[in-house]
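Please open the model in your viewer and keep the selection panel at hand, as each stop on this tour begins with something to select.

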Amino acid sequence: MIWPLRKARTQDRASAESASEPAAIPVFLLTGFLGAGKTTLLNRILADPRFADSAVVINEFGAVSVDHDLVRAGPAQVTVTSSGCLCCTVSSDLRGALFALQEERAKGLGTAFARVIVETTGLADPAPVVAGLIPGTLPAFGLRDHVVARRFRLARVIAAFDCEHGAGPLEHHFECWKQLAFADDIVLTKGDRAPAAPWKAEIAALNPSARLHESMAPDFDLAALLEASSYDAATKPEDVAGWLALEALAQKAPSAAPLPGPSSAPITAAVAMAGPSASRHGGIATLSLIQDGPVDRTAFSTFLQMLAAAPRGSGELLRVKGLVAYRDAPDRPEIIHMVQHALCPARPLDGWPSDDRRSRLVVIGRDLREEPLRKLFDVTRR
Ligand SMILES: Nc1nc2c(ncn2[C@@H]2O[C@H](COP(=O)(O)OP(=O)(O)OP(=O)(O)O)[C@@H](O)[C@H]2O)c(=O)[nH]1
C-alpha cells in the first residue's frame with residue numbers, strides 16, 4: 001500500500017516540474033565535409049513549410065562572410081557564429097548562440113522556433129560539438145551553460161556525404177570520417193553526378209547504426225532527419241565514446257588546449273583559422289579574396305578556370321565559394337561554388353542577399369600559395 005502512494009506522489013512532483021519546465025528544444029547538428037551539400041540540404045529543409053519553425057545557427061570562418069548569404073532562410077531566425085571553427089569554439093560560440101536564442105525566446109523576441117539546426121563548417125570535428133551539447137560531458141561555465149543544458153537537447157547528428165567528391169576527403173581528412181561516425185543519419189548527396197550504391201557498403205561498415213538516405217531519391221523525406229529523438233552516443237561505433245571522453249579530458253585539464261587534428265602540417269596561407277582552430281585544423285587555411293565592386297566576367301571566368309586547373313603542387317585546393325557580381329549585371333550577383341577542383345554551375349540571384357555588395361570568395365585549402373592567387377584575382381578588377 002505504501003509504495004504505490006509514494007510512487008504516485010513522486011509522479012505528481014515530476015509532472016508538476018515538467019509542467020513548469022518547458023520541454024527541451026531539439027538541436028539537430030548538420031555536418032559533412034567541405035562542399036558535401038550541407039547548405040543545399042539546409043535550404044531544402046527551410047523551404048519546406050513543415051520546418052518553417054526552425055532556428056538556424058551557421059558557423060563560418062574566414063575574414064569575409066559568405067555562408068549565411070547562401071542560406072535561403074525565409075522566416076527562420078539565423079544566428080551566425082564567426083569567431084572560429086565551431087569545433088574549436090564550441091563552449092563559447094555554440095552555447096553562446098543557443099543561450100542568446102533562448103533569451104530572445106523567453107522575452108518573446110525573434111521568430112518562434114520549435115527546433116534548432118546547427119550547420120557546422122565542413123572541417124568541423126564533431127567530437128567537441130557533440131560533447132558540448134551532451135550535458136555533463138564538457139565543463140559548464142556559469143549560468144549560461146546550465147540554461148543551455150536544460151533548455152536544449154541534442155536530437156540527431158546528420159551528415160552529408162558527397163558521392164562525387166567524397167573519396168579524397170574520406171581517405172585524407174579524418175574529420176570526414178569522424179563526421180560520418182558520429183551521425184544518426186547520413187545523406188548521400190550528388191547521386192545525379194555519381195552513383196550512391198558503391199558507397200553504401202563502405203559507409204555502413206564505418207557506421208553500422210546510421211540510417212542512409214539518398215538526397216535525390218524520390219522517397220527521401222526530410223521529416224525522417226528531423227524526427228524527435230535524443231542523441232545516444234552508446235549506439236554509435238565504439239570510437240565515438242572514446243573521442244567524447246578525450247574531449248572531456250582535454251577541456252577539463254587546466255591548460256585545456258584543443259586536441260590536434262590528424263595533420264600537423266604548417267599553416268602557410270594568409271587567413272589561417274585563427275587561435276585554437278589552427279591546432280585542430282593544422283595546415284588548412286582560408287583565404288578571402290574581395291573586390292569592392294563588380295568584376296570583369298571574362299577575367300573572372302579565366303581566374304576560376306586557372307584555379308580549377310591548378311596542379312597539385314600548388315597546394316591542396318578543397319573549396320571555393322562566394323558571391324560575385326559582373327560589370328554587365330552589378331545588381332544580379334552569382335553564387336560561385338567549386339568543390340575541390342570541380343566548378344559547379346553558378347547560380348544567379350535576383351539581387352544581393354544582404355547589404356554587403358562586395359564580390360567575395362573564400363578559398364579553403366592546404367598549403368595554398370597566397371600571392372599568386374591574389375595576383376590572379378586582382379586581374380578580375382581591371
Ligand atoms: N549536382 C548536385 N549538386 C549538388 C548537390 N548537393 C549540393 N550540390 C552542389 O554542391 C556545391 C556545394 O554544396 P553546398 O550545399 O554549398 O555544400 P556545403 O557542404 O554546405 O559546403 P561548405 O559550405 O563548404 O561546407 C553547390 O554548388 C551545390 O549546388 C546534389 O545533390 N547534386
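Which domains does the domain assignment of the protein give? It gives domain 1 (24–252) and domain 2 (283–381), with bounds that come from an automatic or database domain assignment. Before selecting them, note that residues are numbered from 1 along each chain as its sequence is written. Note also that this is a predicted model, in which local features need pLDDT of at least 70 and side-chain atom pairs count only at pLDDT 80 or more, while totals for chains, interfaces and linings use all residues.

**The two domains**

Colour domain 1 and domain 2 separately; their C-alpha centres lie 26 Å apart. Where they meet, 14 residues of domain 1 are in contact with 18 residues of domain 2, contact meaning that the C-beta atoms of two residues, placed from the backbone, lie within 7 Å. On the side of domain 1 that touches domain 2, the residues divide into 7 nonpolar, 5 polar and 2 charged; here Ala, Val, Leu, Ile, Met, Phe, Trp, Tyr, Cys and Pro count as nonpolar, Asp, Glu, Lys and Arg as charged, and the others, Gly among them, as polar.

**The ligand**

Next, select the ligand and the 22 residues around it, of which Gly37, Thr39, Gly122, His337 and Cys344 come nearest (a residue is near a molecule if its C-beta atom, placed from the backbone, lies within 6 Å of it). The elements that give two or more residues to this shell are α2 (38–47), β10 (316–326) and β11 (329–339), and α2 gives the most, with 3 residues. Helices (H or I, at least four residues) and strands (E, at least two) are DSSP runs, numbered from the N terminus. By class, the shell has 6 nonpolar, 9 polar and 7 charged residues. Because domain 1 and domain 2 both give residues to the shell, the ligand lies between them.

**Strand β4 and its partners**

Now select strand β4 (residues 115–119), where 4 of the 5 residues are buried, that is, have 20 or more other C-beta atoms within 10 Å of their own, with C-beta atoms placed from the backbone. Strand β1 (residues 25–32) runs parallel to β4 and is joined to it by 4 bridges; show Val27 to find its bridge partner in β4, Val116. Strand β2 (residues 54–59) is also parallel to β4, with 5 bridges between them, and Val56 stands opposite Ile117 in β4. Strands pair if DSSP finds at least two bridges between them.

**Helix α5**

Finally, select helix α5 (residues 126–133), where 8 of 8 residues are buried, among them Pro126, Val130 and Leu133.

Notes. Buried ≥ 20, exposed ≤ 12 C-beta atoms within 10 Å, placed from the backbone.
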